[in-house]
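Please keep the viewer open as you read.

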Amino acid sequence: MVRKVINILILVVAIVLIYFYWHKFLSLADTTLKYLKNIILKYVLLAFFVYLAVIVVIAARWKTILGYLDYKFKTVSLVPIIFGTVPINNLTPANRMGGEPLRILWVKEKFGVPYTPAIMSILFERLSEAIPGIILIGFTLYFMVSFFQLDYNPTRILKYLLIVLLFMSSVFYIFRTKLKSLRAGFGAYSTKLRPALVPALLYSIFIWVLDATRLKLIAMSFGVPISFKLIIIVTILYIVLGAIPLTPGGLGFVEGGVIPVLSAFGIPLGVAIGMVVVERFISYFLGSIIGLFFLLHFGGLKIWKNKG
C-alpha cells in the first residue's frame, strides 16, 4: 500500500513538472535526440556485446560455485536461466527481487538442484560481489567528498570516516538477525564453499570491469571523455538506485540519480540523458527481449507461473 502511494506521488510530481516546464523538456528532448542521431554505432554495438559477455560470466560464476557443491554443469546450460531472469528483474521492484527466486526454481526443476544448495549458491554469489562492491563504495565516497569539498583537514576526514562507520554499524545492527541466520546457513556448506571464494571473487571483479567497460563504450559512442572515478560512481549508483523497491527495475530512480551526477562532472545534460537512454536500451529493452525468448523457449515462464 505504501509503495503504491509513493508511486502515485511520484507520478503526480512528474506530471506537474512536465505541465509547468514542458517547453524546457521539449528543448532538452530535442537536444538529446540530436546527440543520439550522431552517436557512433560501433561503440554501442560493442557495449551490447559486453553486456552479453556479462551474462555469460555470471553463468560461469554460478556454474563454478555449484560445482564446488557437487552439482556439475556446463556454463551454456545455465546461460538461459541467467538471461531468463533479466525480464523478471526488470519488471519487479528492486534489483533481482524477482529473478533470484526464479533461478532457484528453474535450476531445481530443470537440473534437480535442491532448494537449499541453490539458495546457498546465490547467497555466495552475493558475498563474492559484496567484497569488491564495498571497496568501490569506499572509492565512491572518497570521490564524492573530494568533488564537493576541497578542505582536506584531518578533523574533516575523521568526521567522514566516523559517519561511514556509524552508517555501517547501523546497517549491521538492523540486519544482525538475518546475518546470523545467513552465517548459520553457510556453516553447513562452509567446507565446500571455502575453496570457491577466490574463483567467485575473480569472476565478480571481472563482471565489475565489464560493467565499467560498457559505460566507457557508451560514453565513447557520444564522443565524450569519462574519468575512471566517474565510471565507479555511476556503476555504484546503478546498483544502489536499482535496488530501491518502488518501481520496476528502478525506472525513474536510476535515471534521476545518474543523469545529475554525469552532468555535475561536466558531461553536457543532453549527452548525460542520451548515455542513460542507450544504457537502458541495452540492459532493459534488449536484455528483456532476449530474456523473454529464453523464458518462453526453455520453459522458465511455465515454471514461474506454476510456482507463482
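This is a predicted model: local features need pLDDT of at least 70, side-chain atom pairs count only at pLDDT 80 or more; totals for chains, interfaces and linings use all residues.

A crossing of two helices is called left-handed if the near helix is turned anticlockwise from the far one by less than a right angle, and right-handed if clockwise. Residues are numbered from 1 along each chain as its sequence is written, and side-chain values use heavy atoms, with hydrogens and water left out.

The protein has 13 helices and zero strands, where helices are DSSP runs of H or I with at least four residues, strands are E runs of at least two, and numbering starts at the N terminus. Of its 308 residues, 41% are buried, meaning under 20% relative accessible area with a 1.4 Å probe, protein chains only.

Now find helix 2 (residues 41-68) and helix 3 (residues 75-91), whose axes come within 8 Å and cross at roughly 120°. Axes here are lines fitted to C-alpha atoms over the stretch in contact, with angles from 0 to 180 degrees between N-to-C directions. The crossing of helix 2 and helix 3 is right-handed. Among the residues that meet there are Tyr 51 and Trp 62 from helix 2, and Phe 83 and Val 86 from helix 3.

Finally, look at Ser 221 in helix 9 (residues 197-221). Ser 221 is buried, with a relative accessible area of 1%. Leaving aside neighbours within four places in sequence, Ser 221 is in contact with residues including Asn 38 and Tyr 43, contact meaning heavy atoms within 4.5 Å.

Key: Buried means under 20% relative accessible area, exposed over 50%, partly exposed in between (1.4 Å probe, protein chains only).
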